[in-house]
Amino acid sequence: MNFVEDQGFMTDAELAYAAIHHDIIHNRLPPGHKLKVAELRETYKVGSAPLREALSRLIGDRLVVQQSQRGFRVKQTSAEDVQDVGRVRVMLECEALRDSLAKGDDEWEARVVASYHRLSLVERRERDEEQLDELEARNTDFHEALVSASPSWWLLELRRQVYAHHERYRYLSRTTGGSGRDTPAEHAAIFDAAIRRDAKTTCALMTKHIDLTTDTALHALADQAKGD
């Protein structure tokens with residue numbers, strides 16, 4: 001299914017941006033992949049001008065790089081990069097969590113409860129590859145709900161960008177199979193601490209959760225290097 005089909009009233013540039021962003025994060029456009037405008041036009045069914053606008057936004061997000069006279073490529077991955085991304089994500093996530101837990105009202109709490117419930121339901125199911133997209137969407141919704149009461153637009157925007165880069169590494173790490181983690185238990189512990197408004201415990205659990213993702217990605221990159 002074409003990602004852009006059900007996106008409502010968006011401009012062509014917005015559609016292209018959303019679709020390419022999605023495919024980069026999900027490693028459907030892998031690290032280092034050359035992004036040829038003619039091929040992208042055919043794949044995403046949009047014109048050259050909207051595509052170039054979308055690619056400019058993706059350069060700003062640091063997901064695409066432009067090489068002089070050589071066009072566009074998906075940003076490469078590295079052990080150094082994922083460690084840096086993971087470290088910065090911990091900083092931003094914990095700051096946003098502290099904000100959110102302190103300022104969250106009943107509506108925020110209801111949003112967290114609902115998003116966790118939807119995530120826990122899908123985590124208990126047997127899943128095929130296609131259903132993993134639903135799990136990932138609900139996982140993102142849960143993490144966003146937790147920080148959604150923070151009043152800082154800049155904090156949430158920076159967190160969103162760094163979260164996307166960390167997610168790209170998490171998708172990449174799937175290629176090595178299971179990590180041995182009990183991710184549902186990690187989410188349950190984070191949820192319980194957040195609902196108690198225990199910022200110290202929530203941040204400690206979230207830090208461990210993010211660090212485990214970083215470690216899994218590092219193992220995946222090392223395995224990938226051995227196979228090259």
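E134 counts as partly exposed, with a relative accessibility of 29%; here buried means under 20% relative accessible area, exposed over 50% and partly exposed in between (1.4 Å probe, protein chains only). The model is predicted, so to speak of local features requires pLDDT of at least 70 and side-chain atom pairs count only at pLDDT 80 or more, while totals for chains, interfaces and linings use all residues. Residues are numbered from 1 along each chain as its sequence is written, and side-chain values use heavy atoms, with hydrogens and water left out.

E134 takes part in salt bridges (a side-chain nitrogen of Lys or Arg within 4 Å of a carboxyl oxygen of Asp or Glu). With R138, the closest N and O atoms of E134 are 2.7 Å apart; with R125, the corresponding distance is 3.5 Å. E134 and R138 both belong to helix α6, four residues apart, about one turn of the helix; helices are DSSP runs (H or I, at least four residues), numbered from the N terminus. R138 counts as buried at 18% relative accessibility, whereas R125 is partly exposed at 40%. Elsewhere, K75 and D81 form a salt bridge at 3.3 Å, N to O, and both residues are buried. The whole structure holds 17 salt bridges.

Turning to the rings, those of Phe, Tyr and Trp (its six-membered ring) pair if their centres lie within 6.5 Å, with planes under 30 degrees apart counted as stacked, over 60 as edge-to-face and the rest as tilted. Because Y116 lies in helix α5 (residues 106-123) and F142 in helix α6 (residues 132-147), the pair ties together parts that are 26 residues apart in sequence. Y116 and F142 are both buried. W153 and W154 make an edge-to-face pair, at 5.0 Å centre to centre and 85° between the planes; W153 is exposed at 58% relative accessibility, and W154 is exposed at 59%.

Conventions: Helices (H or I, at least four residues) and strands (E, at least two) are DSSP runs, numbered from the N terminus.
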